[in-house]
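Please read the following report alongside the sequence and the 3D view. It goes through selected local features one by one.

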Amino acid sequence: MKLTPEQRIELHEFNNLTKSLSFNMYDICYTKTKEERQAYIEYIDEQYNSERLTQILMAVSDIIGAHVLNVAKQDYVPQGASVTVLVSEGPVVEVPTESFEESPGPLPDNVVLQLDKSHITVHTYPEYHPNEGISTFRADIDVSTCGEISPLKALNYLIHSFDTDIMTIDYRVRGFTRDINGQKLFIDHEISSIQNYIPDEVIDAYHMIDVNVYQEHIFHTKCKLKKFDLNNYLFGYTKDKLSKEEQAEITDRLKTEMDEIFYGRNISS
């Protein structure tokens, strides 16, 4: 279905399509000692506590033009946090032409777009390997909307909100709505790849793989950072404090961890 801004679909009632974006990000760190591991987890818990996560989700609400109805947030012991935001339709304005285009969405700047009902959730998962010296932090964000705007317009902001080594992104359109003649519409916008909603500078920085089922309106993209600098993965010190042998061993462990997350399977050493 090819659609231009001038070719607006006239619906029988309101838009019943549900569009769901799932954004997973991973931050990897080498923590040599128990003390380093605990310090890293405490740092992550402070950086991405429920207050900070609420700010991120409120910005997402602004981007998709939503009214916030309710916010539930929780910090957990020993670590982790969750936030759920229930939102409804924001101020109804003419939908801008960019909502019909495969292009990266805006960063927060008082953007108002049209939708009907939505919820936005985030959960964090700090964890560590029992004996390998690897710690990871995962944030799992879901944005689900009904209406004309795709939650993919919030993807650019989400990418910029986290320090991300690996991303896995899923997008799916479910349900149907009807035009004024009763014809079912199972999707109301063109999409060929989630990558078309990611800025070029981000695409250049990551290895990316698409797995798409077009006929089912299911889209999956996973991304792994291309550039590797060991200093970015050491917590509290730099690689010049390590021997060449230690640098090589830690680099191998970190890259294996990232490859296993990226490809979704254990890799034998």
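M58 sits in helix α2, which spans residues 50-63; helices (H or I, at least four residues) and strands (E, at least two) are DSSP runs, numbered from the N terminus. This is a predicted model, in which local features need pLDDT of at least 70 and side-chain atom pairs count only at pLDDT 80 or more, while totals for chains, interfaces and linings use all residues. Residues are numbered from 1 along each chain as its sequence is written, and side-chain values use heavy atoms, with hydrogens and water left out.

With a relative accessible area of 33%, M58 is partly exposed. Buried means under 20% relative accessible area, exposed over 50%, and partly exposed in between (1.4 Å probe, protein chains only). Together with V68 and V71, M58 makes a nonpolar surface patch of about 190 Å². Patches are made of residues with over 30% relative accessible area and no salt bridge, where like charges are joined within 9 Å and nonpolar side chains (Val, Leu, Ile, Met, Phe, Trp, Tyr) within 5 Å. The areas come from the Shrake-Rupley method with a 1.4 Å probe, and for residues only the protein chains shown count as cover.

Two loops have backbone features to note. H217 belongs to the loop between β9 (206-213) and β10 (218-225). H217 is not a glycine, yet has a positive phi of about 60°; its relative accessible area is 17%, so H217 is buried.

Strand β5 (residues 134-146) contains S135, which is buried at 0% relative accessibility. The side chains of S135 and T31 are joined by a polar contact of 2.8 Å. A polar contact is a pair of N or O atoms within 3.5 Å; within protein, one must be able to donate a hydrogen and the other to accept it, and residues adjacent in sequence count only if both atoms are side-chain atoms. Leaving aside residues up to four places away in sequence, S135 touches several residues, including D27, R37 and Y128 (contact means heavy atoms within 4.5 Å).

The structure holds ten aromatic pairs. Y48 and F137 are stacked, because their ring centres are 5.1 Å apart and their planes at 15°. Y48 lies in the loop between α1 (34-47) and α2 and F137 in strand β5, so this pair ties together parts 89 residues apart in sequence. Both residues are buried, and Y48 and F137 form one aromatic cluster with F23 and F162. Rings of Phe, Tyr and Trp (its six-membered ring) pair if their centres lie within 6.5 Å; planes under 30 degrees apart count as stacked, over 60 as edge-to-face and the rest as tilted.

There are six salt bridges, each a side-chain nitrogen of Lys or Arg within 4 Å of a carboxyl oxygen of Asp or Glu. Three of them are listed here.

| Salt bridge | N to O distance |
|---|---|
| K19 and D188 | 2.9 Å |
| K32 and E246 | 3.5 Å |
| D140 and R138 | 3.8 Å |

K32 lies in the loop between β1 and α1 and E246 in helix α5 (residues 244-263), so the pair ties together parts 214 residues apart in sequence. K32 is partly exposed at 47%, as is E246 at 27%. In the pair of K19 and D188, K19 is buried at 0% relative accessibility and D188 is buried at 9%. D140 is buried at 14%, whereas R138 is partly exposed at 21%.
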